[in-house]
Amino acid sequence: MTTAARATGYEPLNTTKPVAPSIWLIDGPHIRFMGLPFSTRATVVQLENGDLWVHSPTQLTDSLRAELDALGPVRHLIAPNQIHYAHIADWQAAWPDAQAWAAPGVTARAAKKGLTLQFDHDLGPKAEMPWADQIDQIIVEGSKIHREAVFFHRASDTLIITDLIESFETAKLPAWMRPLVWLAGIDDSDGKMPPDMKLSFRNKKLLADAVDQMVAWGPRRMILAHGRWYESGAVDELERAFRKLMRHRRWGAVMDKIEKDRKQD
């Protein structure tokens, strides 16, 4: 296991950080994506039986492994979308009894990159049996390229997403990267879906359906894989980040209500 860490501004890295009872995050070193240094973040949930559920595993170090072993057995490894699988194999080697779960497209994408990854299960649109009634789950549809599994940990009121919102704190970025993030509209002042991903969602209704479900869960917190995460006000942040998408749906609902009320008069 490598122990080298690349600074991201979210130090200390490669260590568990408590979010609420039974949930932690891990800030990992940056990873290069499209030539840019992206900060990384995993989320760890302890299920009611003590098993650990790990979303988007980051770089694994000896000290991090020891911390996790002290919390409980790592049993579930989650690859939530087709660009979040880089460290799955290392975690599988460390915990061979863990079950690996893949969102749609992960295995095919890894194969295109020359990696043969073995997953035990595919993630579906409803919560899987090992965490049913503890962690809700959907697959965000509407894009032929990007299909992401989104989770809601009920006990802590925490929404766990990956790339649907990116919110980079520009003060933590290299100076040369800041204008690119501003132009993309994914800086912390107004974090949202990156523009290339947004263009891939041809079916806006399915995406809006997913956002409505996330809002309906009523999360307090929202953990993102890249940049700032939200310790409170998660519903407001969802509404803000997807305001252009949801504006037509919200307006349509208002007009439908007006028409319904008119017919009842």
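Visitor: Is W53 buried or exposed?
Guide: Good place to start, and keep in mind that this is a predicted model. A residue counts as buried when its relative accessible area is under 20%. W53 has a relative accessible area of 0%, so W53 is buried.

Visitor: How many aromatic pairs does a search of the whole structure find?
Guide: Rings of Phe, Tyr and Trp pair if their centres lie within 6.5 Å. With the whole structure searched, the number of aromatic pairs is six.

Visitor: What kind of pair do the rings of W53 and F151 make?
Guide: A pair of aromatic rings is described by the distance of the centres and the angle of the planes. For W53 and F151, the centres are 5.0 Å apart and the planes stand at 80°. Planes over 60 degrees apart get their own label, so this pair is edge-to-face.

Visitor: How many residues apart in sequence are the parts that W53 and F151 tie together?
Guide: W53 belongs to strand β4, residues 52–55. F151 belongs to strand β9, residues 148–153, and is buried at 0% relative accessibility. The pair therefore ties together parts whose separation in sequence is 98 residues.

Visitor: Where does W131 lie, the partner of W101?
Guide: The ring centres of W101 and W131 are 4.8 Å apart with planes at 65°, so they form an edge-to-face pair. W101 is buried, at a relative accessible area of 5%, and W131 is buried too, at 0%. W101 sits in strand β6 (residues 99–102), while W131 lies in the loop between β7 (121–122) and β8 (135–140).

Visitor: Which ring does the charged end of R41 sit over?
Guide: A charge sits over a ring only if it is within 6 Å of the ring centre. The charged end of R41 is 5.2 Å from the centre of its ring, and R65 lies over the face of W95 at 5.7 Å. The ring under R41 is that of Y10.

Visitor: Which residue in β9 stands opposite I138?
Guide: In β8, six of its six residues are buried. I135, Q137 and I139 point one way, and D136, I138 and V140 point the other way. Strands β8 and β9 run antiparallel, joined by six bridges. The β9 residue opposite I138 is V150.

Notes:
Residues numbered from 1 in each chain as written. Predicted model: local features only at pLDDT ≥ 70, side-chain atom pairs only at ≥ 80, totals over all residues. Heavy atoms only, no water. Phe/Tyr/Trp six-rings, centres within 6.5 Å; stacked < 30°, edge-to-face > 60°. Helix = DSSP H or I, 4+ residues; strand = E, 2+ residues; numbered from the N terminus. Buried < 20%, exposed > 50% of the residue type's maximum accessible area, 1.4 Å probe, protein only. Lys NZ or Arg CZ within 6 Å of the ring centre and 35° of its normal. Pairing = 2+ DSSP bridges.
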